[in-house]
Amino acid sequence: SALDDFTLKLRVDEHIARIEIREPDNVSISAVYFPIPSLIRKYWHNSEITDLRERILYPPSTDGRGTIEEKVKSFLNDGKYLLATLRHFESLDEYANSKNVLYLIGVNIARKMSFFNFLTLIVTIVLNILMLYSLEDSVGGSYHVDGEIFVKLLLYFGYVHLATSGMTLFCFFILNGLLYIKEGSKANEECILELDGLPAATLGPLLRVIYGDTSSADQKKVRVPVWQRFLQVSYFFGHFDTKYYFALTLFSALGVFYSPLFFACCFIEILRVSKLMQYVMRAFTANIDQVIAAVILAALVTYLFSVGAYSTAALHNNFNFNSFGGSCTSLKSCTLVALDYGYSQSVFWDYPAAIGTVEGSFFNFAFTFILQIVVPGLISGIIIDTFSELRNTTNAVRDDVLNTCFICNINREDFETNGTSFEKHVTDDHNMWKYLWYIVYLEEKDRSELSGIEQYCAETFQQLSVKWLPIKAARVLSKMTDKYDLYTIYHKLLALQRDVNKVEASIKNEIRSRGNGMQSKLIVAEGERLQEIKNIEISLLDVSLS
């Protein structure tokens, strides 16, 4: 029935995957079937793996992904880290299944990292609400908590916050920190620390005296042998996420043991939870160098105006900013007053006669136009342009994912013009994730058992080469069809099984109807016929898995 056929297809797709590859002749495109590795079936839908796949599919930046080759190379490189994460989770499960109770408890706690993250954010919000309602006016930099009940609540929730942030740091170390250390150690088995830039220029001569010739292939870099444990620590602390979770725990400890006001700093946790907040922060930090340059320019222009006001007799000590702040009696006071109030308040003249001078009119107009209109517009324009760039990048990536095959880079229109379903192509023929599954299958398979095409794919992947991928090619557009389709093969196998059952039944009936003298001959003849059918069945199955 149709339902049975659908159920069979689902069962096949759960165990066998199909991809297309370009053969070593760089012309032919072949379909490859392979069993889905157990590692994939077990961890592929893990929440951490799902988030990692989302970040790979929708990167925050498209730098280095200008061409299809660069895009696929970037995907393969990110895919290596994803596969390393899968194997790390597998090793954690092996630890958890050992007889060591501490390993079992540690791994099970680490799997609750998202829960501890969420709980830390909730406790942060509660603590800051308590501070809003309980902290009185500060005198001399100190604070006073109104009410004994608020003192106890702040202390109680403070300890809870410290516990949850500490557990989050522990979970991060188990799930990610150990992975950073393993991957860093694997990539640097010689335990060499490579310095470049200013450290290499300043320490290079001394290190060459101590260690001899330490130059790398790039003469601007210096290679230094170091202690392995030091490198492992550097791999762990070299990631931004490590610094973030340590900072969160430090703020929590300071909030408990020094001042609860440090819990306000823990609101940075919102940046980890909210993708919208991360998007807004990227808009500010993406071009932070331009923003910093604009701020420095504003400070310099403000200083120049202060120098002009101080050195001109008609302006000296004749103005302030509305009702705010001090007179221009010294260069320092002129500069500080202008920096404090010049960007938000209009110039207020103590002596109206000063504004009637040429110097006063020019100063008033230039100060207002440059510092209150041009400079704020310049900074806001940089941020708005960054928002626009991020939006265009996000839309371009989304459009590329929805309308272009990631592997072959052929767009939806070409498939629809050919009468082929684009969704079916990117799901069945060129599913980008199935290519990573295939790499796992090759790495788990014994090297001596690899076929020629499998060995070729494994070697080119290690080199991050894209020669084995069908870029700008698809069998369905070339009118190429599989000689054996998996779904068809399984239907044929089922039909063969029914034929075998019929033959077995006919043998039994014929044996019963004839005498014992013919029994042995019939058994031999029909046995040969059954063996022939089974050989056909086996050969078809071999073809389906080759």
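Among contacts in the protein chain between residues at least 6 apart in sequence, 69% join residues at least 24 apart. Contact here means heavy atoms within 4.5 Å. The model is predicted: local features need pLDDT of at least 70, side-chain atom pairs count only at pLDDT 80 or more, and totals for chains, interfaces and linings use all residues. Residues are numbered from 1 along each chain as its sequence is written, and side-chain values use heavy atoms, with hydrogens and water left out.

The protein chain holds 22 helices and six strands. Both are DSSP runs numbered from the N terminus: helices are H or I with at least four residues, strands are E with at least two. Of the 546 residues in the chain, 36% are buried. Buried means under 20% relative accessible area, exposed means over 50%, and partly exposed lies in between, with a 1.4 Å probe and protein chains only.

Start with the strands. Strand β1 (residues 16–22) pairs with β2 in the antiparallel sense, over seven bridges. Two strands pair if DSSP finds at least two bridges between them. Within this pairing, I19 has V32 of β2 as its bridge partner. The hairpin of β1 and β2 has six residues between the strands, and N26 takes a positive phi near 65° there. Strand β2 (residues 29–35) has six of its seven residues buried, so the rest of the structure largely encloses it.

Next, the largest pocket. Rolling a probe the size of a water molecule over the atoms shows where empty space is left. The search runs on a 1 Å grid over the protein atoms alone. A cavity is a set of points where a 1.4 Å probe fits but cannot get out; a pocket is an open set with protein on both sides within 12 Å along at least five of seven lines. Lining residues have an atom within 4 Å of a point. Grid points are joined across faces, edges and corners, and a volume is the space filled by probe spheres set on the points.

The volume of the largest pocket is about 2,200 Å³. Its lining has 46 residues, and D51, R55, R272, K275 and Q278 lie nearest the centre. Elements that give two or more residues to this lining are α3 (47–57), α4 (68–96), α6 (113–134), α7 (148–187), α10 (240–257), α11 (269–273), α12 (275–285) and α16 (358–403). Helix α3 gives the largest share, eight residues. By type, the lining divides into 23 nonpolar, eleven polar and twelve charged residues. Ala, Val, Leu, Ile, Met, Phe, Trp, Tyr, Cys and Pro count as nonpolar; Asp, Glu, Lys and Arg count as charged; the others, Gly among them, count as polar.

V123 sits in helix α6. It is buried, at 5% relative accessibility. Leaving aside neighbours within four places in sequence, V123 is in contact with F157, V160 and H161. Its C-alpha atom is 8.8 Å from that of T164, which is 41 residues away along the chain. F387 belongs to helix α16. At 27% relative accessibility, F387 is partly exposed. Its contacts, not counting residues up to four places away in sequence, are with Y279, V280 and A283. F387 and R282 are 105 residues apart in sequence, yet 8.5 Å apart in space, C-alpha to C-alpha.

Now the loops. N409 lies in the loop between α16 and α17 (412–417). Its phi is near 65°, a positive value in a residue other than glycine. N409 is partly exposed, at 21% relative accessibility. K472 lies in the loop between α20 and α21. It has a positive phi of about 60° although it is not a glycine. K472 is exposed, with a relative accessible area of 55%. S465 is also placed in the loop between α20 (452–462) and α21 (486–513). At 13% relative accessibility, S465 is buried. It touches L76 and T460, not counting residues up to four places away in sequence.

Last, the cysteines. A disulfide is a covalent bond between the sulfur atoms of two cysteines. The cut-off used is a pair of cysteine sulfur atoms within 2.5 Å. By this rule the count is zero disulfides. The closest cysteine sulfur to that of C265 is in C266, 6.8 Å away, which is too far for a bond. C265 is partly exposed, with a relative accessible area of 32%. C171, in turn, is buried, at 0% relative accessibility.
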